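Reader: I should be grateful for a close look at a single part of this model, with its setting and the confidence that applies to the prediction.

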Amino acid sequence: MQQRETAAIPKLVLSTGDRLLRRIVIDKPRLTIGRRPFNDVMLDDLTVSGEHAVLHTSAGTSTIHDLRSRNGTLVNGVPVSQRALADGDRIDIGVYRLLYVIERAPPESADASQPDSGNAMALAVLSGPQAGSTLRLDRPIVSIADASGQVAVVAHRRTGWVITHLEGPGCPSVNGEPVGLGSHPLRPGDLIELGGTIYRFQSDPPP
């Protein structure tokens, strides 16, 4: 049975604070970032230089270059002049954060591989002030946050659901293990802890 090669799709997930703004597919070799409107990614805030940074992508590798910006470009909290990016890296530009993620489409066979089941999923809140409630995962990207400023993203990809640390002093954990800086796959029944609140990743029963 002949299979096609798995496709890697690099993207940027743009957020500010605990607010997700949009997903940007990196579909060109040069992606400019800055405050001026001609940039591919326009970040409208005075903390961002007019021409702040540029993302070069070639042969499946993306490299961020700071363009001598006033406030600098940080990758995983470290100022950089240029840096090759890995899945899960966090780019901070002014008040904005760009999460670099690589989505991998499942390989297709001649008779077509089975698609994702598409079952509706949810997060059952097991502890904290909202214990007993359920957060439906009814969008491709859903953020969860706590009062201390920790933010994580639960996202649906073609290969399934993943959780990614977005912001805050500590990473969320899945079944007691910190997820680190990359994306961590989720399976039904997994227990997620974020800032003392525990969630269970589960199927969302119909109302």
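**Confidence, a buried serine and an open sheet**

Author: The model is predicted, with a mean pLDDT of 82 for the protein, and 86% of its residues reach 70 or more. Two stretches call for caution. Over residues 1-5 the pLDDT is below 50, and this stretch has 10 contacts in the model beyond near neighbours in sequence. Over residues 106-117 the pLDDT is likewise below 50, and here the model has 18 contacts beyond near neighbours in sequence. Where pLDDT is low, the predicted coordinates should not be read in detail.

Is Ser-15 buried or exposed? Its relative accessible area is 0%, and Ser-15 is therefore buried, the cut-off for that term being under 20%. Which residues are in contact with Ser-15, leaving aside its neighbours within four places in sequence? They are Leu-20 and Leu-21, then Val-95, Tyr-96 and Arg-97, and finally Leu-166.

Elsewhere in the model, 5 strands form an open sheet with mixed pairing, in the order β4-β3-β5-β6-β9. The edge strands are β4 (41-42) and β9 (82-84), each of which pairs on one side only. The partner of β9 is strand β6, residues 61-66, and these two strands run in the antiparallel sense, paired over 3 bridges. Within this pairing, Gln-82 in β9 is the bridge partner of His-65.

Note on methods: Residues numbered from 1 in each chain as written. Predicted model: local features only at pLDDT ≥ 70, side-chain atom pairs only at ≥ 80, totals over all residues. Heavy atoms only, no water. Buried < 20%, exposed > 50% of the residue type's maximum accessible area, 1.4 Å probe, protein only. Contact = heavy atoms within 4.5 Å. Pairing = 2+ DSSP bridges. Helix = DSSP H or I, 4+ residues; strand = E, 2+ residues; numbered from the N terminus. pLDDT = per-residue confidence, 0-100.
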